[in-house]
Amino acid sequence: MLRKPVVLITGASGEIGHGLITRLREAGDTPIVTLDLNPLPADLNRLVQRHVNGSILDPQLLDRVAAEYEIDRVFHLAALLSTRSEFVPVTAHRVNVEGTLNLLEFAQRQGESHGKPVLFLYPSSIAAYGMPSLAVKNEAGAVREDDYNHPTTMYGCNKLYCEHLGAYYAGHYKQLSSEPAHGKVDFRCIRFPGLISADTVPSGGTSDFAPEMIHAAAQGKPYACFVRPDARIPFMTMPDSVEALLQLAATPRAKLTRYVYNIQAFSPSADEFRALVHKHFGDSPITTQVDLRRQGIVDSWPASVDDSAARADWGFAPRYDLDRAFADYLVPGIQQRYR
Ligand code: AKB
């Protein structure tokens with residue numbers, strides 16, 4: 001066998017990567033190759049065939065991976081999140097856009113070399129939306145994928161553009177060449193809401209206020225919330241986000257009516273989160289110290305999203321609603337983590 005068939009995960013040391021590696025390992029026997037600037041923690045490292053320490057901006061490194069492995073699935077998780085991207089917008093563009101272009105080209109060449117479409121799973125974000133005002137946000141209710149696509153952050157612009165890039169590679173790549181070149185990349189994208197994990201604490205995002213609040217209270221530490229009590233955006237638990245990626249990946253292409261799908265599980269206000277945190281983790285002080293600029297970003301994101309397309313096309317159905325997320329996942333999981 002010239003090259004070993006594997007699944008590739010970029011940004012594998014990040015929050016989603018943690019859950020995805022474990023689930024992929026449980027779900028099947030295809031070896032996993034991971035790529036990240038950071039090393040994998042030991043417990044995850046032993047679950048993968050190989051961890052490549054390096055950058056998605058290094059074409060030579062991607063060529064070496066392509067030479068050694070035959071890849072039929074790519075989970076492209078590597079990205080700089082919204083808050084961090086606002087401090088380094090050009091680097092964010094390079095990582096989030098040029099990095100993604102490198103991986104789409106990588107998948108295209110893999111598809112051309114082994115002749116099968118490469119499944120390309122891409123996590124986009126509610127940051128691809130831009131609600132024109134808080135009034136419109138409060139009136140709009142659950143927004144559909146094609147509404148309000150006017151992001152106001154570098155990260156949001158990156159994600160929306162890469163959604164279009166993926167659709168281009170899947171359906172129109174090199175459309176003027178004599179031989180059709182498209183169809184080698186089977187691009188599938190989920191617009192994730194804020195994600196909450198019991199095992200990891202996020203870094204560099206603007207939806208981080210909720211997981212930060214929960215993890216601080218679990219340790220009995222005070223937390224100053226950087227958004228108003230009425231701030232509202234959609235969220236889901238990490239296990240449900242990983243399940244959604246695997247479910248979309250396993251769905252026959254013919255069943256999919258679009259490239260990009262909204263999903264969510266619940267969208268409580270920051271104050272409703274605070275009440276649940278106090279109910280489950282005791283009343284360590286949670287104060288409000290609004291960061292007006294980060295609040296502005298949260299106000300530009302929808303209060304909730306319409307995920308009827310994901311439910312219809314690939315059976316998306318989160319296991320954890322808000323109460324179950326706390327009672328059955330976060331409380332037991334986080335108490336385990338800080339025991
Ligand atoms: C962020 O806050 O940047 C991310 C996201 C919502 O995409 N968690």
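The points below cover the ligand site and then one aspartate.

1. This is a predicted model, in which local features need pLDDT of at least 70 and side-chain atom pairs count only at pLDDT 80 or more, while totals for chains, interfaces and linings use all residues. Numbering runs from 1 along each chain as its sequence is written, and side-chain values use heavy atoms, with hydrogens and water left out.

2. Around the ligand you will find Leu81, Ser82, Ser125, Tyr155, Gly205, Thr206, Ser207 and Trp301 (a heavy atom within 4 Å of the ligand). By class, this shell has 3 nonpolar residues, 5 polar and no charged (nonpolar: Ala, Val, Leu, Ile, Met, Phe, Trp, Tyr, Cys and Pro; charged: Asp, Glu, Lys and Arg; polar: the others, Gly among them).

3. Polar atoms in the side chains of Ser82 and Tyr155 each lie by a ligand oxygen, at 2.6 Å for Ser82 and 2.7 Å for Tyr155. Ser207 has a side-chain N or O atom 2.9 Å from a ligand nitrogen. The protein buries 91% of the 250 Å² that the ligand exposes when taken alone (Shrake-Rupley method, 1.4 Å probe).

4. Now to Asp240, which belongs to helix H9, residues 238–250 (a DSSP run of H or I, at least four residues, numbered from the N terminus). Is Asp240 buried or exposed? Asp240 counts as buried because its relative accessible area is 3%, and the cut-off for buried is under 20% (1.4 Å probe, protein chains only). A polar side-chain atom of Asp240 is 2.9 Å from the backbone nitrogen of Tyr320.

Key:
A polar contact is a pair of N or O atoms within 3.5 Å; within protein, one must be able to donate a hydrogen and the other to accept it, and residues adjacent in sequence count only if both atoms are side-chain atoms. Helices (H or I, at least four residues) and strands (E, at least two) are DSSP runs, numbered from the N terminus. Buried means under 20% relative accessible area, exposed over 50%, partly exposed in between (1.4 Å probe, protein chains only).
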